[in-house]
Amino acid sequence: MDSPSTVAGMDPRARQAPAIEAEGLVKVYRGDVRAVDGIDVRVERGEFFGFLGPNGAGKTTTIRILTTLLRPTAGRARVLGIDVVAQPGQVRRRIGFAMQAVALENLATGRENLELIGRLHRVPGPDLRRRVDELLELMGLAAVADKLAGTYSGGMRRRLDLATALVHRPDVLFLDEPTEGLDPQSRAALWEELARINREGTTMLLTTHYLEEADRLCGRLAIIDGGRIAVSGAPVELKRAIGSDEVNLRLGAGGADDDLARQQDAIVGLLDGFEPLRGLERTADGVRLAVVDADRAVPELLRRLDGDGLHVRGLTIAQPSLDDVFLRHTGRRIRDEQADQPLVLGW
Amino acid sequence: MTAFARETWYLGRRTLRRFFRVPANPIGIVLFPLIQLFVFSQLFRDIVQLPGFAGQASYLAYLAPGQIAFTVFFAVSWSGGNLLADYRNGYLDKLRAAPIERYAILAGELVPLALECAFMGGAILVLSVLLGARVETGIPGAAGILLLGAGFGVAWSGMSMIPALVTKNEQATSTLSMLFFPVAFMSTAFVPAALMPDWLKALNTVNPISYVIEAMRALMTTGWDWGVLGAAVVAVGLLGLVLQGATLWAFRRLTS
């Protein structure tokens, strides 16, 4: 174990180093599975950064490398300027990690759970008591602080687990699917909590396959698929880069199918030369249009469609979602991916 | 206090907490050895009249050391379970992500295990004395008996730790540890080697538990026999070296 004096004598460059830097990270598991296949990422201090991708994309493997639990097959990674392979002890002292599976001591109280992890992180006694009380209060667990963690509800267990990752005031907090398995209320409450922790200065790196979670929390994110980063950037920019919104027109057919087809044909003709139009697709009850800046284009669109024999019964505009971004860059929808965990048999 | 000792202390306290908060555990470590002693002392009460027992007056005094080793043997047969549970529910990763000495995690299991073994041995000794047996070497000898019992327990726990860490499967772990139960039954826990068939006698020359039992028995019924004691210490040492060495290897493999 590295002695505390090395912390003080740390390379001054490390103080200004970014929170996370990884170059060419590769992890090949037994049996030639390339779980991570060349990941480069840089997260500045204070950022809320996300890895968005389906199950099996390599998110967990990457976060386990960054938190020193797994050695990369190739590439290097530094957290706060400290190499995760060369000085894992130094890294561990300054990060917190809330893993996908909530890991608590069920036969210990919430307070005892926090105290043990705090002591292992060498938080000094009086400071630890204060910190534990503060976290129990913050996570809404003060009332059940002296009850066994095994009796907690799912949401309470998540919050206690998160608190154990915060007890030593880490500079960087890693969260692997932090709201997996929570009901919508608990999820929303945890999101607020995470955003607050970030506002107070902790750098956050989160993995998720929930689009809304990535959208709501992350200032920047990387879309990860097949062990590689497909694209990265701020969610707003990524969505804007899709370039167009989706406009759905529902047509009222006068009864017969050929009437719907006739109207669809008419629309194709009427929109010929309509500048914001990027695409047109027939649907079961109308047409779907890809339109640049739909909010502004819709009045002109409706004017053009105000012709004889067209019965527009409804119109909806949808802004592109991160799912569209995912589709654009990977050719698949994130929701399609319901990869079952492979059954591991042995012995 | 070094970091290793301090972390072992905190993690050992966690192990004890986990143990004592399941009421069956503290009840079990008192009752299990006592029931064993009681049943076997009644079952074989008159066996000391057989010629091979060479003038043992009381089977209870003869049996108690064997019972201590036997009890310890079975008590540690599930000792890999805790680590396995930690591995499965992610707590082992949580500990690994903390800035601690990795082997303190293992030591935090083994130190309480040694205490548990010594405690159970103590329960048997106290009951035997209450029932009329004598420890010929007095208090120091009794301490020696408990120390040997604890040492043997920690060494033998590798038989459960290794399959647990290698297979990561509860059923495989208990099945594999069970394969070695005959080691205890074939030992000199209940009958002296003199009464055994030749092949069993031969096997007992390499059975570590028999060396431990013979040394405890000497402390209980005859006196300070340094040759027998030395043999037991060597047996426990070698056993510990092999089994705990392999445990360390398996732990390292699992956590890197």
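The buried residues of helix 8 of chain B pack against helix 4 (80-89), helix 7, helix 9 (170-178) and helix 13 (226-254) of chain B. Here a residue is buried if 20 or more other C-beta atoms, placed from the backbone, lie within 10 Å of its own; helices (H or I, at least four residues) and strands (E, at least two) are DSSP runs numbered from the N terminus. The model is predicted: local features need pLDDT of at least 70 and side-chain atom pairs count only at pLDDT 80 or more, while totals for chains, interfaces and linings use all residues. Residues are numbered from 1 along each chain as its sequence is written, and chains are lettered from A and ligands numbered from 1 in the order in which they are written.

Helix 8 of chain B spans residues 158-167, and nine of its 10 residues are buried. Among them are Gly158(B), Met159(B), Pro163(B) and Val166(B). After this helix comes Lys168(B), with a positive phi near 55 degrees.

We can turn next to a neighbouring topic, the pairing of helices 6 and 7 of chain B. Helix 6 (residues 102-130) and helix 7 (residues 138-156) of chain B pack with their axes, lines fitted to C-alpha atoms over the stretch in contact, 8 Å apart. The angle between them is about 135 degrees, on a scale from 0 to 180 degrees between N-to-C directions.

Chain A has 13 helices and 14 strands, and 39% of its 347 residues are buried. Between the chains, 20 residues of chain A are in contact with 21 residues of chain B, contact being C-beta atoms, placed from the backbone, within 7 Å. The largest share of the chain A side, four residues, comes from helix 5 of chain A. That side has 12 nonpolar, four polar and four charged residues.

Terms used
Contact = placed C-beta atoms within 7 Å. Nonpolar A, V, L, I, M, F, W, Y, C, P; charged D, E, K, R; others polar. Buried ≥ 20, exposed ≤ 12 C-beta atoms within 10 Å, placed from the backbone.
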